[in-house]
Amino acid sequence: MKIVKTIDEVRRQVKEWKSQGLSVGLVPTMGYLHEGHASLIDASHRDNDRTVVSDFVNPMQFGPTEDLESYPRDIERDAALVEEHGGDIIFNPEPSEMYHEGFSSFVDMDVLTKELCGLSRPVHFRGVCTVVSKLFNIVQPDRAYFGKKDAQQLAVIRHMVDDLNMDIEIIGCPIVREEDGLAKSSRNTYLNAEERKAALVLSQAINIGIGMVRNGENDCAAITDAMKRHISAEPLAKIDYVKIVDLATMQQIPVIDRPALCAIAVYIGSTRLIDNFFTEDI
Ligand code: AMP
């Protein structure tokens, strides 16, 4: 397992693998890896001969008041986890390697990015689409792995690959949770003990929604109202959104009459956490 800092070196290595007829999987991450990331690396290792894990806190996807500076970083710890899960390379470039002076080309998307996280994080998906396109161009993987935890991101990437005819198979992987239900996230490290307990309202609300859908409820307002009531009872929680959207367009729907996504974003203290369920997984 190698830590690689330059685009040239990743390209050289991938070219060598491809000349040997080996398949390549890519797992894009922002580092500070946990078992959620590990599940993606495991999936790539299972499906491909070689796996590249990118480890890059992408400045372009953070808004001016967001947590770019405080985002946790630990490349040595990440390297150990990648090695343990069968990854072959960690690509860990400096921002200046990814965005040279004068950088001025962007990949942007309409419709799907206008709802949910796109509303509260207006520059986020342009940053995500741009960096993921660059990673796809640099690594040219056969397959790329994304978590369902970031459900809108997964939908946006699938759409981008389709719109722009990128010859890469996108694999969505299930949400990995802590034992008590909290979805694993690098941002969970921001929570103090009291907030960590309060954060359970997210997965509890998700379970309320899943339970209602299982029982045949298909009225979106009835489901999201029940979820919001549960979250609002926690004094440390502040709802950003609780919504049910069409999985294909990310636009809100009144009734679950097609594949849908129920997505929530909640501030616990000053930490913004997300969680969701896909109706097709119920
Ligand atoms: P991040 O480092 O937070 O940008 O995440 C990198 C990738 O890991 C994204 O595709 C995430 O959706 C995925 N991921 C993060 N947390 C989890 C989790 N708890 N379960 C599954 N995938 C996850």
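Which polar contact joins the side chains of Gln-61 and Asn-58, and at what distance? In this predicted model, the side chains of these two residues form a polar contact of 2.9 Å.

Gln-61 itself is located in the loop between β3 (50–55) and α3 (75–84). Its relative accessibility is 8%, and it is therefore classed as buried, since the cut-off for that class is under 20%. Beyond its neighbours within four places in sequence, Gln-61 makes contact with Met-30, Glu-66, Arg-121, His-124, Gly-127, Val-128 and Val-131. The unreviewed UniProt entry includes Gln-61 under the annotation "binding site".

Attention may now turn to the ligand.

Individual atoms of the ligand can be followed to particular residues. In the side chain of Asp-150, an N or O atom is 2.6 Å from an oxygen atom of the ligand. Val-176 places a backbone N or O atom 2.8 Å from a ligand nitrogen atom, and for Lys-184 the distance from a backbone N or O atom to a nitrogen atom of the ligand is 2.9 Å. Taken alone, the ligand would expose 490 Å², and the protein buries 93% of that area.

Technical notes:
Residues are numbered from 1 along each chain as its sequence is written. This is a predicted model: local features need pLDDT of at least 70, side-chain atom pairs count only at pLDDT 80 or more; totals for chains, interfaces and linings use all residues. Side-chain values use heavy atoms; hydrogens and water are left out. A polar contact is a pair of N or O atoms within 3.5 Å; within protein, one must be able to donate a hydrogen and the other to accept it, and residues adjacent in sequence count only if both atoms are side-chain atoms. Accessible areas come from the Shrake-Rupley method with a 1.4 Å probe; for residues, only the protein chains shown count as cover. UniProt positions are given in the numbering used here, feature names are shortened, and annotations may be inferred rather than shown by experiment. Helices (H or I, at least four residues) and strands (E, at least two) are DSSP runs, numbered from the N terminus. Buried means under 20% relative accessible area, exposed over 50%, partly exposed in between (1.4 Å probe, protein chains only). Contact means heavy atoms within 4.5 Å.
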